[in-house]
Amino acid sequence: MASDVPMSPELEQIDGEVQDIFRALQNGFQKMDKIKDSSRQAKQLEDLTAKMKECKRLIKEFDRILKDEEPNNPPEVHKQLNDRKQYMIKELNSYVTLRKTYQSSLGNNNKRVELFDMGAGSSEPAAEDNIQMASAMTNQQLMDAGREQMTQTDQAIDRSKMVVAQTIETGTQTASALSQQTEQMKRIGNELDTVHFSLKKASQLVKEIGRQVATDKCIMALLFLIVCGVIAIIVVKIVNPHNKNIRDIPGLAPPAQNFQISNRRLLSVEIF
């Protein structure tokens, strides 16, 4: 698999070393068929195992650098680099499986082969610890382990479905509550408009009443001044009846002294 993915110099160097190891592994397993001596086959298998361990170390280093460079890489480039890493893991696992086949044929069941399980979620730190030793397991044990893993996966899917159903139900209830609150807010808005209109009418009524009260006060003050003036004139006329500068108030009788003098004058005229 030729790499046309843009890489940093460090990743490019590691990728080249991994590809060299893959070519060496391919040539090494091709030579295994030509070797008839079992001891030489075992020695060749040990050399290939060492190369696979080195390849495993390089892939881990590739993953570490990839995580460090993730913030600086665009999402498309990061996805291509991650796919490149997955390709290397898959290729290495194929050689691990091939090694197991040759090891079984040699009857060497005491040596273990490390199987990589660094999937799409291998960017998590736990990916380095997710390694299984499979050479010591029989095919039946491998099938049982696979069935158990599938059962656990089905259970996880069922739990996910339950969570999704609960989420949908919660969303429906939330939407219903929001709808009710929206209607309530509309009613409150209408009531506020009514209260605002009532306050406006009340303000206009208060202003009108204030104008009427001010008018009534002016009239009462004017009447009070008129009454005070009349009383003042009456008092002055009584106190100083000979003051000619003050006219008699129409409708009021002249002072009693003037009335007596006029009567005396009338009597003297009649006598004469």
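**Entry 1: two helices side by side.** I began with H1 and H3, which are roughly parallel to each other, because their axes cross at roughly 20° and angles under 35 degrees count as roughly parallel. I noted that this is a predicted model. The two axes come within 11 Å, and I logged the crossing of H1 and H3 as left-handed.

**Entry 2: who meets whom.** I then went through the residues between these two helices. From H1, the list includes Leu 11, Val 18, Phe 22, Leu 25, Phe 29 and Met 32. On the H3 side, I found Leu 81, Tyr 87, Met 88, Leu 92, Tyr 95, Leu 98 and Tyr 102 among them.

Entry 3: Next I checked H1 against H2. Their axes are 9 Å apart, at an angle of about 160°. Angles over 145 degrees count as roughly antiparallel, so H1 and H2 get that description. The crossing of H1 and H2 is left-handed.

**Entry 4: the core.** Which residues touch the most other members of the largest nonpolar core? I wrote down Phe 22, Leu 25 and Phe 29, out of 28 residues in that core. Helix H1 (9–32), helix H2 (38–69) and helix H3 (75–106) are the elements that give two or more residues to this core.

Beyond its neighbours within four places in sequence, Phe 29 is in contact with Leu 45, Leu 48, Tyr 95, Leu 98, Arg 99 and Tyr 102.

**Entry 5: a glutamine.** Is Gln 44 buried or exposed? This residue lies in helix H2, and its relative accessibility is 18%, so Gln 44 counts as buried, the cut-off being under 20%. Leaving aside neighbours within four places in sequence, I found Gln 44 in contact with Gly 28, Met 32 and Ile 35. I also looked at Lys 31, which is 13 residues from Gln 44 along the chain; their C-alpha atoms are separated by 8.7 Å.

Entry 6: Last, I checked confidence. The mean pLDDT of the protein is 77, and 74% of its residues reach 70 or more. Over residues 108–136, pLDDT stays under 50. The model does have 55 contacts beyond four places in sequence for that stretch. Where pLDDT is low, the predicted coordinates should not be read in detail.

How values were computed
Residues numbered from 1 in each chain as written. Predicted model: local features only at pLDDT ≥ 70, side-chain atom pairs only at ≥ 80, totals over all residues. Heavy atoms only, no water. pLDDT = per-residue confidence, 0-100. Contact = heavy atoms within 4.5 Å. Core = buried A, V, L, I, M, F, W, Y, C linked by side-chain atoms within 4.5 Å. Buried < 20%, exposed > 50% of the residue type's maximum accessible area, 1.4 Å probe, protein only. Helix = DSSP H or I, 4+ residues; strand = E, 2+ residues; numbered from the N terminus. Axes fitted to C-alpha atoms, helices over the stretch in contact; angles between N-to-C directions. Parallel < 35°, antiparallel > 145°, perpendicular 65-115°, else oblique. Left-handed = near helix turned anticlockwise from the far one by under 90°.
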